[in-house]
Structures are given as C-alpha cells and as structure tokens.
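Me: Please examine one part of this protein closely and describe how it is put together. I would value a single connected account.

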Amino acid sequence: MATTDVALHEDSGSLERKRVVNDMSIQVGTVNGSGSQSSNTVLLRSIFQMGVPVSGKNLFPSNIAGLPTWYTIRANKDGYIARKKEIDFLVAMNPETAREDVMSLAAGAVALYDEPLNLRTLRNDLVFYSVPYDKLVAPVCPEAKLRKLVKNMIYVGVVAKLLDIDMAEVEKAIRKQFAKKVKAANLNLAAVQAGYDYAAANLLKRDPYHIQRMDKTTGKIIIDGNSAAALGCMFAGCTVVTWYPITPSSSLVETMIEYMKRFRIGPDGKATFAIVQAEDELAAIGMVIGAGWAGARAMTATAGPGISLMAEFAGLAYYVEVPAVIWDIQRVGPSTGLPTRTSQGDILSIAFLSHGDTKNILLIPCSAEECFTMAQDAFELAEHFQTPVFVMSDLDLGMNNWMADPFPYPEKPIKRGKVLSKEDLERLGGFARYKDVDGDGIGYRTLPGTDHPAAAYFARGSGHNERSQYSERPDDFEKNMERLNRKFETARSFVPRPVLISNGKSKIGIIAYGTSHWAILESRDQLRKEYKVETDYLRLRAYPFPREVHGFVEQHERVYLVEQNRDAQMLTLLKLDVRPELVTRLHSISHIHGLPLDARSVTDEIIMMEGK
Amino acid sequence: MATTPTSTPVPKTNRIGLSIAEYKGGKTTLCAGCGHNAISERIIDAMYEMGVSPERVIKPSGIGCSSKAPAYFMSRSHSFNAVHGRMPSVATGAMLANRNLIALGVSGDGDTASIGIGQFVHLMRRNLPIIYIIEDNGVYGLTKGQFSATADLGSKLKTGVINDLPPIDTCVLAIQLGATFVGRSFSGDKRQLHSMLKAAVAHNGTVMLDIVSPCVTFNDHEGSTKSYKYMKDHEEPLQDINFVPVFEEINVEYDPGTTVEVTMHDGSRLRLRKLEEDYDATDKILAVKRLAEGHAKGEVLTGVFYVNTQAPNFIEMLNMTDNPLTTLPESVVRPGREVLEQVMEELR
Ligand SMILES: Cc1ncc(C[n+]2csc(CCOP(=O)(O)OP(=O)(O)O)c2C)c(N)n1
Ligand code: SF4
Ligand SMILES: [Mg+2]
C-alpha cells in the first residue's frame, strides 16, 4: 500500500534545484519485524542531536513479521512536526512495496533503493541512488543470521552521508540505542560506516536536501506518549494498575512496569504498587473500581474494544462514585479493522459510556508533555470528583516518537478528595455518603477498613438515598440524579482549560484537540501565508467543555471543528452545549484514513469550505 | 446454639468486646424461608464467634437475590454491590489496595457459574485471600426462576421444563484451578456450615464454599434437586467437621485413626472426622475423583473437599510493601525530583 497519493508528473524539470535545508520528510519502507525500528530511531536521534526539530511516525500493520511497514521522519526547521503528506526522501528497503512506493512519489523526490531492485527504470523525474546492501553487509557482519538486521543500519550511513548528518551524532545515537550492549553497538556502527563510505565513494549528490546544525532541540527529550503517560502516572502516585494487553495501549503499562520496578520499590525491597494483568478488560476495570473504592489511586489502559467491554462497569462507577483513571489509546475500529492505525473515534461513546444517564470526564492530551501532566490531572480529578476520568490519547501520540520539553516535576501535593478519616467520624458522629454538603455535588466518602462503627456504607448503583440505603423512591432518585449533574457542571471549571490562540479580529475559528493540534499549527500558517486567511484557534483539552469554549463559538462566524473520526463526534457534543442558534456556525472537518493528520489536508478543506 | 464440641455457653460479648447485635444487618427483603437468609445468620454467628472486627471486613457481591444478602448481615462492614458476575474483580482490586481487609464475597449460582464464570475461574487461580460464597439454588431467583448452570441434569422447573445440560461443579473447578479451601454445604445444615465458615475465617487464601440454598419461590418443588426435601434426602457429608479456633483451649483429644487434623494459618485447628475411610482432604486428585463419583451416584456430597494451608496467596506473590497501598504517603508514592531528572537525562 502506498502512503501517499501524488500522481506521476512528466515534467520534472531540472534536478539542480535550490538547496533545501532542514525541511524534509524521509520515509523508510521495510518489512515488519526486520529490525528497522532501531535504524529509524538512530536516524531520528541523529537529526534531533543536530538541533533540528523532528518527529517519527511508524505506520505498521497488525502483524508480527512479514507485512510492509513504513517509518516517516519529518525534519523541519520551523518546528512543524505533523505528518507531511508528501515524501521527499524514500528509502525503499521492501521489495514488495518498492515499486508502488516509488510510483507514488512526487516529481523531484529522492529514492534510495537496494541495487537488485533496479527501480531506476520506473521513472525519470526522481533522483535515484542505489546501494548494494548485500555486498556491503557481508564483510561487516560475518554472522549470516544477523545480516538481515544489520543491513538496515547501512541505509542510515548512506542517508547520513547524503544529507550531511554528522557521523559523530550517528555514533552517539547508536551508543544510546544499544546502551549497554557494546558488541551490538560496534557491529551496527560498522554497518553505518560501511554505508557512509560507500556513499562517499560512489554516490554523487544530486538532490537538494541537507541537514544543517541548528539549536532548536537543546535540552529537549524524545519520548513516545505512552512512556510519558507511564511516567506521569508513576509521579501521580498511582498504586494499582490492572490491564489487559491491546495495541496501542500495551506499551503504556509495560513501560510503567519498568519504571515502577526501578523507582517505586521501597527501602524494604518491596513494591509500593500492584500491577496485575487481568483476564480481560471487564476484570481490569472491575479491579480498578474495587481498588478505587478501597482508596487506592488505580488505573487501567486500553483501546476501543476494551472500552466497549468496560461500559457496564463505567456506569456503575459513575453512580457509586468511585474514582478511576482509564487511558484510551484510540485506534481504528473494532476487531481486526485497522488496529494499528490512529483515530479519535471513541469520543462520543466515552462521553456517555454505559447505559442510562451517564456523563464522563475526558482529558485530551496533544503532546508527550500533556500525557505526563494530564496523568496527574486525571488522578486529581478522579479523586476530587469521585468518578471515572478517561484520558483520550491515540495511537499517533501513544506509540510514536515525539520531541518534548523536559517534564515539569509536579509541584502540587497529592490531594485525595473528600475522604473522612476515623477522627473526622469521631468528630461528626456519622455521615451521609451522597449528601451534597458543600453545594458542589460531591459527597464525602469513607474507605473500607476505617476503624469506626459509622464508617461503613453500602456501595450500590443508582437506587439509593443520601445515606446510600436502598431506595426506589422517585424523589430520592431524582435528587441523586440532579446532584450528579451538579457535580458534572462543577467539573467544567476544574478540568484543564482550552488553549486559545486569537488575534481578536478573525471571523474564522478552528477547534481541534489531541494530535490534530500539530497539523492545525502548520495549517494556520499555510492559510495565512498562502491564502491570507487569518484564523483563531482553540484547542480543547477536556470534556465537559469549560465556558470559554462556548465563548469561542459566539465570537466567530464560522467554526471549523477538525477531528479524526467520521461522525464529527466532538462537534456533536458541542452542539448539545451551545445555544441552538449557534449550531449552524459549526462545520466539521473530519479525517478517517487512519494516518496521522497532515496540515495540507486541513488547509485544502478549509479553503474549499471558505469558497476560495 | 452449639458451637464447639465442649458447648461452652455463648458469652454476651466476643473476644473483641462486641455483642452479636454489632454483626447484624438490615432487615431482609428476601422471601421468608429463602436459604440465603439462613446463610446470612450463619455468617453473623461465625464472624461474631471468631471475633472478627466488622470494620476490617468488606462484602463485595454480584447481582441476584444472593448478592443482595450482604445488606442483611454486618452493617458495620463496607459492602459493594457490583455488576452481575463481576464481584471477583472488585474484590481483587480492593484487596490489592488494602491487604489488611478481610474479604467475604457473596455470589449466586447464576452470578458465578454463567455470566461470571470467567472472573470466577481467574479468582480461584490467583488464590486471592477471600471467602467466596456461592448461595446455590440452581436457578436465577431474582429474574424469576430460570435454570442456572449448576442445575442438575434432569431437574425440573416449576413450569415443567426439564434441564438437559450437565451442571458445572464449582467445587471441582475451584480445586482444579488453585483455590486452597474448597467445600460444599447446605443452608439447612446449621452445624456443618457454622464450622466451615469459622474455618474459612482462619484460612489464608481463597476459600470457595458452594452452599446449597433452596429458593422457596422458584425451586423448592418436587423434581427440583436443590429443594429442602431433596437435600435432606441426598446430602452425603464426607466428614464430621469440628473447628477449634486458636484462642480456644482444646479439651478433647482426637483419634488420629478416624480424624484428620489440619492446622490453619492462624494456628486454629480444623478437625475432620472421616465418615469415609479413605477420604483425604489434602489430596487434590482424590477430591476431584470423589466428587465425580458422587455425581455418578446422584449424591450431594458436602464437607471440606480440599484444603491446602501452604500455598502463597495472590497478595503475597506480588511482593507488596506490608502497609496497605491506600495508606502510603506522598513521600513514598511520588519519586523525588532527582528521579525525574535522571529519566529526562536518559531521554535526551
Ligand atoms: C448484565 C446483566 N444481565 C442480566 C441481569 C439480570 N439478572 C439479575 S440477577 C440474575 C440472575 C441471578 O441469579 P443468581 O446469581 O443465581 O442469584 P439468585 O437470585 O438465584 O440468588 C440475572 C440474570 C443483570 N442484572 N445484568
Ligand atoms: S426468589 Fe428465591 S432466591 Fe430470591 S429471595 Fe425468594 S426464595 Fe430467595
Ligand atoms: Mg441462584
């Protein structure tokens, strides 16, 4: 499958174009399981270490080995790190897709291929380089069975030479990648060097692309969103994690296990946490709820199919009012759909997850930094509001490599919400679990094990009165439902505020959330520079919507809500919230191709809808 | 009420100074004569006599008439009426959070053997410290009398429908999967159930008790194999069970030829006087074999089928710190600045 859809141009023009510095996308087409991940990471890191902003995106199939996979690195001096639609530099390593990969390139692009593939004959409007990988790998890698892996390192060397990436940076990246495995590092380094030397001796530079040292990555880190989330949860003081493996969420918990084993073992050599692989997502969420009810900071991580299984329990937690943190690393569709492709398709189902009246708090990170900070927000909000909080990440954010500023150490102390201790109960004499004492809809709770005869209450679903006694009285039920609504309304002013970029004059507003953010940043610049279209931008970070979201709609004649799902899910939620006469201002721009959103698609669509 | 073989009179308060009233629950709303009510009574007695602090007990349950029962005993203990068939996960989560709790889970045969069989088997496999009670009436009481998966082959519903599927024996499953104290009793067998529940409190690990508990409204008629009458005619106890808690003196010697004595985790003793020559409750394979034979013969075997006091429980296996996770302060659960700096450096 080709990942771009640009037609072949006959009139390629001269290949001696102007130098293009620090602005390109490199795509590596390989076979899943061939070990290209290390090579790609090394390449990404090398560019990063050169001070050039980068992002790396893995487009992989739902398969362990054998199917085609693509890795795209974008280097951009202006800091645009969304997926770029066009591929500038193709590294064609997969014989099966090489042809199609080459055919889909735009004129003037570069194609680096394995000599026997002889792709050069396909087109005359590209810059071709060929490398005899098998010949080069044999001398550096005597062990035949390792050659398949090491071969991939050769293209790193070739690309480094062609793009002027400093070999010292490549070496540093390799040493980091193979950390303590010195032998492996040396072997891979030799392969890179072989590629570099071959290119130096045999390839005449004919493309315009160059990487030049700059200083835009100083101090920054590279991390995937799931690892950032794992760290965030660890620093949030999470103590119970229960999960069931599913792409793209598994790596969140697996990374967390590693970090917790390193940093959350007490002086007694014992764990200050419990991480349990449950038998399914029903059990995973059930354990989280049991732990949350008993007073632990508990979480699970899953994807859409797991969310569906959790639906009944989520509703119970909403009514029993138990804190829980659920990470949804969104991906495409049910069952064997496109489980390894990104999506924002669970918004609507999670907002109302369960049966009867249920409304949930959603937090939506757009970056690794926000995965880290929102992990803490999620636990704070879950315990403050005694309700499940869903963190809506996605595959693009969770599994891909992102540049990030170093994470801020959490400055606010951990707050456990309204929990009554034995001493409180002695003072008060008793309590009513679901009484709205403070007018914010949030009752006071006690934890099992509290050593006071009045501590216990009977946790059950919707049919209860203020004292948590079984009740089927209409007034008890109604009162409780209204209180829960009050609680949700209170949450509007507690959840992370939207981020607004506005010049105060534009009539056009863009609303987006999560990973769409990166395409929007770039698209707004395209709109301004190419079409003189000024836009304001509001990035949503949570549901329920804080008031300024409504204000943003009021202030703009046309509002484009960009999202990565078919049914305009966030727009549907917003329609329920804004005044009816404002609904017609909302226009949906939706993307459902399973690939991370690119700026060009957004720009084109806005221009079309603006009738320009 | 007889408690121990020595029949010491029941004192007004137990060893932690509580009267039996402190172990009572709300007024039952289950049908008069429902087996579940009798089980609640036995739980109250056992917890009282064992001197268990009600504040340490949690009572998770699923959904069903049986799962409502925790409202009718031990009001001073926290309860969690979960969703249908999912009590095991809620119980597991709570025990992870606070290892000092004592879990008494209540489920029904529908709740456990059908919708909840997945969570049931995995809880057994983990040997979670819990007393897991199935109040087994062979039907779905709360949804008005459909067959459950523990209904015996050939048993008849009130409507005349005959069950033509074999029953799931939850005790066999529990033994095979790793539960470490497995027995069956009958809500009407006061003495046996009482001793078994007290031993359950003393056990460390998963106690799985399948308690036949007739549903007087939907499954107590002629043709039912879970009726009071059927149980009176077919109950086949494997042992005469005596439980001597650790805090009680032993006045009566036992005959090792006829009685097996099991020393429980807390030092209490469980004395099983064999009614069958060669039954050995520490032999897993024998237990499963004997249960299968019982089915073939149409007996309803009761007693402690299997006990293993040595296996580590799930919480112990996780190597968690001794203090409950819920009590750990911020200084313990939030690593310091230097840790974040170290990790950031690794990612540069
Ligand atoms: C998901 C779900 N499906 C179905 C039900 C309806 N339901 C309530 S109780 C019950 C059966 C309970 O049977 P059992 O566990 O044997 O309890 P009993 O009432 O017999 O004590 C069913 C099917 C439900 N509450 N939830
Ligand atoms: S319907 Fe059956 S199980 Fe339910 S309370 Fe009545 S007798 Fe008990
Ligand atoms: Mg039943």
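Reply: In this predicted model, the centres of domain 2 of chain A and domain 3 of chain A, taken over C-alpha atoms, are separated by 26 Å. The domain assignment places domain 2 at 223–404 and domain 3 at 422–491 of chain A. Where these two domains meet, 19 residues of domain 2 of chain A are in contact with 22 residues of domain 3 of chain A. Together they bury about 1,800 Å², with 57% of that area on carbon and sulfur atoms.

Polar interactions also join the two domains. Ten residue pairs, both members at pLDDT 80 or more, are in polar contact between domain 2 of chain A and domain 3 of chain A. Two salt bridges are counted between these domains. The side chains of Arg483(A) and Glu321(A) form a salt bridge, with an N to O distance of 2.5 Å.

On the side of domain 2 of chain A that touches domain 3 of chain A, at least two residues come from each of α9 (281–294), α10 (304–320) and α12 (368–385) of chain A. Of the contributions to this side, that of α10(A) is the most, at four residues. By residue class, the side of domain 2 of chain A that touches domain 3 of chain A comprises nine nonpolar, six polar and four charged residues.

How values were computed: Residues numbered from 1 in each chain as written. Chains lettered and ligands numbered in written order. Predicted model: local features only at pLDDT ≥ 70, side-chain atom pairs only at ≥ 80, totals over all residues. Heavy atoms only, no water. Domains from an automatic or database assignment. Contact = heavy atoms within 4.5 Å. Buried area = accessible area lost by both parts, 1.4 Å probe. Salt bridge = Lys/Arg side-chain N within 4 Å of Asp/Glu carboxyl O. Polar contact = N/O pair within 3.5 Å; in protein donor to acceptor, adjacent residues only side chain to side chain. Nonpolar A, V, L, I, M, F, W, Y, C, P; charged D, E, K, R; others polar.
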